[in-house]
Amino acid sequence: MSDDDLPEDTKLTRTKSRWAELGKFLTGQSSRPEDARLPPGQHLVKNWPVLDLGQTPNVPRASWKLDIVGAVEKPTTWTWQDYIAQPRGKKLSDIHCVTTWSRYDNHWDGVSTHDLMDAVGVKPEARFVLLTSNDGYATNLTLEDFAGGDALIAHGWEGAPLALDHGGPVRLVVPHLYFWKSAKWLRKIEFATRDHPGFWEVRGYHNHGDPWTEERYS
Ligand SMILES: Nc1nc2c(c(=O)[nH]1)N[C@H]1C(S)=C(S)[C@@H](COP(=O)(O)O)O[C@H]1N2
Ligand SMILES: [Mo]
């Protein structure tokens with residue numbers, strides 16, 4: 001039976017049971033020791049450094065677009081109005097950058113990656129996610145990492161719109177991995193059956209980037 005024959009609530013149940021599977025997998029996988037907060041080799045900063053390729057794309061909300069494509073039931077392009085109509089929430093997380101700074105207690109506003117995946121219906125064969133940005137940057141994640149932890153698409157930080165330097169209007173935040181996985185100026189999210197290493201991953205950065213096991217360079 002094809003997916004389109006399923007009633008809506010069955011589709012929803014199927015998506016939810018996929019969460020349960022991913023959640024179980026993640027829990028078993030976490031390498032963060034209990035009670036630890038600062039990963040090995042990191043130091044704390046109070047400011048928020050800006051790191052990127054040196055191009056700051058300025059896409060106003062009125063012309064902003066986000067493509068969500070690949071192995072999904074409903075490929076879509078969100079305008080700003082579509083994005084803002086999604087279920088939105090707040091998350092609190094720490095940032096760990098591979099250049100050794102960490103910043104605690106970042107308050108984000110955005111759309112959880114779970115809700116984004118629910119909106120497009122990720123197909124069972126999807127195993128990887130490729131993020132592409134308006135400055136030409138790209139980075140890759142497994143589906144588990146994209147869906148896991150406290151990952152979200154963020155448009156707000158500390159109660160204000162996300163600053164352009166930090167990836168506004170909208171960036172990804174994947175707090176359980178080094179921050180190069182958190183693509184700024186998000187343009188496209190592609191669900192894929194194969195892995196596609198991104199900008200830094202093809203230049204010697206680790207493909208996964210777990211700060212707790214110092215997966216810095218490969
Ligand atoms: N689009 C885009 N996203 C990006 C980058 C980039 O150059 N372009 N740099 C990455 C790297 S290496 C880091 S450490 C973080 C830095 O985010 P920040 O400038 O908000 O601290 O963004 C990541 N996301
Ligand atoms: Mo970085």
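1. A polar contact is taken here as a pair of N or O atoms within 3.5 Å, where within protein one atom must be able to donate a hydrogen and the other to accept it. By that criterion, in this predicted model, the side chains of Q42 and R216 are joined by a polar contact of 3.0 Å, and the side chain of Q42 also makes a polar contact, again given as 3.0 Å, with the side chain of S102. Q42 belongs to the loop between α1 and β1, and because its relative accessible area is 8%, under the 20% limit, Q42 is classed as buried.

2. The loop between α1 and β1 (43-44) also holds D35, whose phi is positive, at about 75 degrees, although D35 is not a glycine. With a relative accessibility of 79%, which is over the 50% limit, D35 counts as exposed.

3. A positive phi is likewise found at W185, a residue other than glycine, where the value is near 45 degrees. W185 sits in the loop between β10 and β11, and its relative accessibility of 3% places W185 among the buried residues.

4. P169 is part of the loop between β9 (160-161) and β10 (171-173). H166 is found in the loop between β9 and β10 as well, and at 10% relative accessibility H166 counts as buried. From C-alpha to C-alpha, H166 and K184 are 6.6 Å apart in space, while in sequence they are 18 residues apart.

5. Turning to the ligand, which residues are closest to ligand 1? Of the 20 residues that surround ligand 1, the closest are P49, D135, H166, R171 and K184. For K184, a polar side-chain atom lies 2.6 Å from an oxygen atom of the ligand, whereas for P49 a polar backbone atom is 2.7 Å from an oxygen atom of ligand 1. A nitrogen atom of ligand 1 has a polar side-chain atom of S133 at 3.2 Å.

6. The second largest pocket has a volume of about 360 Å³, and its lining comprises 23 residues, with L51, D52, Y137, F179 and W180 lying nearest the centre of the pocket. By residue class, the lining of this second largest pocket divides into 15 nonpolar, four polar and four charged residues.

7. As general background, nonpolar side chains tend to be buried together in soluble globular proteins. In this model the largest nonpolar core has 37 residues, of which L131, F146, L186, I189 and F191 touch the most other members. Two or more residues of this core come from each of the helices α1 (8-29), α2 (80-84), α3 (113-120) and α4 (143-147), and likewise from each of the strands β2 (65-70), β6 (128-133) and β11 (186-192).

Key. Residues numbered from 1 in each chain as written. Chains lettered and ligands numbered in written order. Predicted model: local features only at pLDDT ≥ 70, side-chain atom pairs only at ≥ 80, totals over all residues. Heavy atoms only, no water. 1 Å grid on protein atoms, 1.4 Å probe; cavity = no way out; pocket = protein on both sides within 12 Å on 5 of 7 lines; lining within 4 Å. Points joined across faces, edges and corners; volume = space filled by probe spheres on them. Nonpolar A, V, L, I, M, F, W, Y, C, P; charged D, E, K, R; others polar. Core = buried A, V, L, I, M, F, W, Y, C linked by side-chain atoms within 4.5 Å. Buried < 20%, exposed > 50% of the residue type's maximum accessible area, 1.4 Å probe, protein only. Helix = DSSP H or I, 4+ residues; strand = E, 2+ residues; numbered from the N terminus. Near = heavy atom within 4 Å.
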